[in-house]
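Work through the exercises below with the sequence and the 3D structure in view, and try each task before you read its solution.

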Amino acid sequence: MKKITIIITSVVLGIVGTVAGTIMYFGKVNEANDYKSKLEYVYQQNFYELVDNVNNIESNLSKLTVSTNASQQNDYLSKVSTLANNAQNNISVLPIEHNAINETITYLNQLGGYTSTLQQELISQKNIDMDQMSQLDDLLTTSKTVKQELNKLSVLISSNDYSITDNLSDPNQNASKFNNEWANFNNGTIEYPQLIYDGPFSDSVIHKEIKGLSDKELTEAEVNVKLRQWFDESSIKYIGKTSGGDFDTYNYTLTDGTNEYYAQVSVRDGILLQLNSGQESNEQNYTEEECCVLALQFAKNLGLENMEVVWDTESDNFTYVNLAPTQSDVILYPDEIKVKVSNSTGKVIGWEAKSWAYNHTVRKNLEPSITSAEAQKSVASSMDVRTTKLTVIPNEFTGETLCWEFMCAYEGSTYYVYIDAKTGLQTQILKVIETDDANLLM
């Protein structure tokens, strides 16, 4: 079964190195072989990807504001939405306190949500209207300023003697020299527009209540023991603690033969929040279905039971999988975990569990007030219902709803229709969009 967050999955886990970042950084990797150079690679790769994504946001917004063709507008909106989500992921990896750049994160979150919503509205309207275009002009103005500030930082970081890791303070402290380089992003230098629309799940990055973790804090030694249980064949090196954001984490580099990984584990409860590796996948030795099984096995090895594959798609010899926990056979979509598996090696090389850490909790009152047969009356009779499941889905802005999910076929396309299991009202419809690279759900 396929699910909407693949749009974010392919962005969050499918990190693509920019040409500028690769060229500028590999010279440094050749000069230093210790673990610090590995962390430096992760930081610089994501910084240059961030620069590239913001540059492309500005370029596509510029084209969008002068386009009069609905098909072109749709293409530019799709690109901007994806780039904005991509940029947010880059920021999440960098050692920056969120309170030093929270306005930029909010801007990117709203930009991604706003352009995605406009894209859907274009289905029922011929072109972007004047009010919407005015809002896009404001977003473009901001993107130009963000681009300028980022490129200033790029000049600094691309200098021969600059190292991000060398400009981090004591890991037990919240401030760092690198963090201070971002001062202009939150001190009024950039005028962020006040969007009428606040994007879907806009509170997912900043000031969100963490429900999935207890208050129990583990020591680095305790987390190290857990890592050695999860990755028993890997060489594990501790590279410091990150504090000040929503999640305090212990950070590690892992080496498995010739492959290198960067891992973040939460101080609270010792949950693997993120795992990244830049390794390539040039062959297809494992099928998409086999990779889904391997993703489930990886989750089980981490102690996560009752997980189910709710979306999977394949692109460039990688399989992207979304896992969601179940409670009493009800799928909990807000708690999804995003996984990237190499079709070449069958190994998990990408893992992102922040939604699980934010949202996972035991739900109450998961009993529907109406049966699936009663809910199906709210599904168009022209649709061919293929599967029915009881789910919890996130609302557009806040909260969540118990829904009957109907996967349907109609005129050669696949749709997911969600009916409120308490009221019988239709709450959401999603459509699978097939592309050359992968399948998306919108």
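**Exercise 1.** Find the distance between the closest N and O atoms of E352 and K338, and decide whether the two residues are buried or exposed.

Solution. Begin with the rule, by which a salt bridge is a side-chain nitrogen of Lys or Arg within 4 Å of a carboxyl oxygen of Asp or Glu. The closest N and O atoms of E352 and K338 are 3.4 Å apart, and the pair forms a salt bridge. (Helices, H or I with at least four residues, and strands, E with at least two, are DSSP runs numbered from the N terminus.) Finally, E352 and K338 are both buried, where buried means under 20% relative accessible area, exposed over 50%, and partly exposed in between, with a 1.4 Å probe and protein chains only.

The model is predicted, so local features need pLDDT of at least 70 and side-chain atom pairs count only at pLDDT 80 or more, while totals for chains, interfaces and linings use all residues. Residues are numbered from 1 along each chain as its sequence is written, and side-chain values use heavy atoms, with hydrogens and water left out.

**Exercise 2.** Determine which parts of the chain are tied together by K347 and D256.

Solution. First, K347 forms a salt bridge with D256, with 2.6 Å between the closest N and O atoms. K347 lies in the loop between β8 (337-342) and β9 (348-352), whereas D256 belongs to strand β2 (residues 249-256), so the parts that are joined lie 91 residues apart in sequence. Then turn to accessibility: K347 is partly exposed because its relative accessibility is 32%, while D256, at 16%, is buried.

**Exercise 3.** Describe how K79 and D75 are placed in their helix, and how accessible they are.

Solution. Both residues lie in helix α4 (residues 70-93), four residues apart, which is about one turn of the helix.

**Exercise 4.** State how many salt bridges the rule gives, and name the residues linked in a network.

Solution. The count comes to 10 salt bridges. D335, R363 and E400 are linked in a network of such bridges. As background, side chains of opposite charge can pair when their charged atoms come close.
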